[in-house]
Amino acid sequence: MAELSSDTVLQRAPHIDVELGSTTIIRVAGRQIAVGSNVLPILEAFTHPVPYSKAVKDLSARVSGVQAWIELVSTI
(Lines give C-alpha, C1' and ligand atoms only; values in the text may rest on other atoms or scores of the structure.)
Protein backbone atom coordinates (compact mmCIF):
# COMPACT_ATOMS: atom_id res chain seq x y z
CA MET A 1 0.00 0.00 0.00
CA ALA A 2 1.34 3.44 -0.94
CA GLU A 3 2.08 5.96 1.78
CA LEU A 4 -0.22 8.92 2.22
CA SER A 5 1.48 12.30 1.85
CA SER A 6 0.16 15.84 1.71
CA ASP A 7 0.46 15.75 -2.09
CA THR A 8 -1.38 12.45 -2.54
CA VAL A 9 -4.43 12.99 -4.72
CA LEU A 10 -7.51 11.16 -3.44
CA GLN A 11 -11.01 10.61 -4.78
CA ARG A 12 -13.90 8.69 -3.26
CA ALA A 13 -14.91 5.36 -4.72
CA PRO A 14 -17.43 5.81 -7.54
CA HIS A 15 -20.04 3.37 -6.21
CA ILE A 16 -20.73 3.52 -2.50
CA ASP A 17 -23.77 3.00 -0.33
CA VAL A 18 -24.25 5.07 2.81
CA GLU A 19 -26.59 3.91 5.58
CA LEU A 20 -27.41 6.68 8.02
CA GLY A 21 -28.56 5.73 11.49
CA SER A 22 -27.24 5.59 15.01
CA THR A 23 -24.06 4.33 13.32
CA THR A 24 -23.22 5.49 9.81
CA ILE A 25 -22.18 2.58 7.59
CA ILE A 26 -20.36 2.84 4.25
CA ARG A 27 -20.49 -0.12 1.88
CA VAL A 28 -17.96 -0.19 -0.94
CA ALA A 29 -16.28 -2.96 -2.92
CA GLY A 30 -17.80 -5.69 -0.74
CA ARG A 31 -16.61 -4.05 2.48
CA GLN A 32 -18.73 -2.58 5.25
CA ILE A 33 -17.14 0.23 7.28
CA ALA A 34 -18.59 1.99 10.33
CA VAL A 35 -17.63 5.66 10.15
CA GLY A 36 -17.96 8.84 12.21
CA SER A 37 -20.59 11.51 11.87
CA ASN A 38 -18.31 13.71 9.76
CA VAL A 39 -18.24 11.29 6.84
CA LEU A 40 -20.72 13.12 4.60
CA PRO A 41 -18.61 16.31 4.27
CA ILE A 42 -15.56 14.09 3.69
CA LEU A 43 -17.30 12.17 0.90
CA GLU A 44 -18.37 15.47 -0.63
CA ALA A 45 -14.81 16.84 -0.45
CA PHE A 46 -13.48 13.85 -2.38
CA THR A 47 -16.15 13.79 -5.10
CA HIS A 48 -13.43 14.94 -7.51
CA PRO A 49 -9.69 14.26 -7.27
CA VAL A 50 -8.13 16.56 -4.67
CA PRO A 51 -4.77 16.62 -2.88
CA TYR A 52 -5.00 15.33 0.69
CA SER A 53 -3.62 18.59 2.13
CA LYS A 54 -6.21 20.75 0.35
CA ALA A 55 -9.09 18.53 1.49
CA VAL A 56 -7.87 18.60 5.10
CA LYS A 57 -7.49 22.38 4.98
CA ASP A 58 -10.99 22.86 3.52
CA LEU A 59 -12.61 20.38 5.91
CA SER A 60 -10.78 21.77 8.95
CA ALA A 61 -12.90 24.90 8.70
CA ARG A 62 -15.94 22.73 9.52
CA VAL A 63 -14.62 21.40 12.83
CA SER A 64 -13.61 23.03 16.08
CA GLY A 65 -11.20 21.64 18.61
CA VAL A 66 -8.28 19.28 18.47
CA GLN A 67 -10.32 16.11 19.08
CA ALA A 68 -12.71 16.91 16.22
CA TRP A 69 -9.76 17.55 13.91
CA ILE A 70 -8.12 14.24 14.91
CA GLU A 71 -11.39 12.39 14.21
CA LEU A 72 -11.67 14.14 10.83
CA VAL A 73 -8.17 13.15 9.74
CA SER A 74 -8.60 9.62 11.10
CA THR A 75 -11.82 9.18 9.13
CA ILE A 76 -10.16 10.31 5.91
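**Salt bridges, sheet and nonpolar cores of the predicted model**

The structure described here is a predicted model. In this model, the side chain of Glu-19 meets that of Arg-27 in a salt bridge, with a distance of 2.8 Å from N to O. Arg-27 has a relative accessibility of 31% and therefore also counts as partly exposed.

The pair formed by Glu-19 and Arg-27 belongs to a total of three salt bridges. Another joins Arg-62 to Glu-44, and here the closest N and O atoms are 3.8 Å apart. This pair links distant parts of the chain: Glu-44 belongs to helix H1 (residues 39-45), whereas Arg-62 lies in the loop between helix H2 (52-60) and helix H3 (66-75), and the two are 18 residues apart. Both Arg-62 and Glu-44 are exposed.

A further salt bridge connects the side chains of Asp-58 and Lys-54, at 2.7 Å from N to O. Because Asp-58 and Lys-54 are four residues apart in helix H2, about one helical turn separates them. Asp-58 is classed as partly exposed because its relative accessibility is 40%. Lys-54, with a relative accessible area of 43%, is likewise partly exposed.

The strands were examined next. An open sheet is formed by three strands in the order E2-E3-E4, with antiparallel pairing. Its edges are strand E2 (17-19) and strand E4 (31-35), each of which pairs on one side only. On average, and with direction ignored, neighbouring strands of the sheet are turned by 20 degrees against each other. Between strand E3 (residues 24-28) and E4, the antiparallel pairing extends over five bridges. Ile-25, for instance, has Ala-34 in E4 as its bridge partner.

The nonpolar side chains were considered last. In soluble globular proteins, nonpolar side chains tend to be buried together. In the present model, the largest nonpolar core consists of six residues, namely Ile-42, Phe-46, Val-50, Ala-55, Leu-59 and Leu-72. When neighbours within four places in sequence are left aside, Leu-72 is in contact with Asn-38, Ile-42, Leu-59 and Ser-60. Two of these contact partners, Ile-42 and Leu-59, are themselves members of the largest core. Another core, of five residues, lies apart from the largest one and includes Ile-26, Val-35, Val-39 and Leu-43.

Definitions and conventions. Residues numbered from 1 in each chain as written. Predicted model: local features only at pLDDT ≥ 70, side-chain atom pairs only at ≥ 80, totals over all residues. Heavy atoms only, no water. Salt bridge = Lys/Arg side-chain N within 4 Å of Asp/Glu carboxyl O. Buried < 20%, exposed > 50% of the residue type's maximum accessible area, 1.4 Å probe, protein only. Core = buried A, V, L, I, M, F, W, Y, C linked by side-chain atoms within 4.5 Å. Contact = heavy atoms within 4.5 Å. Pairing = 2+ DSSP bridges. Axes fitted to C-alpha atoms, helices over the stretch in contact; angles between N-to-C directions.
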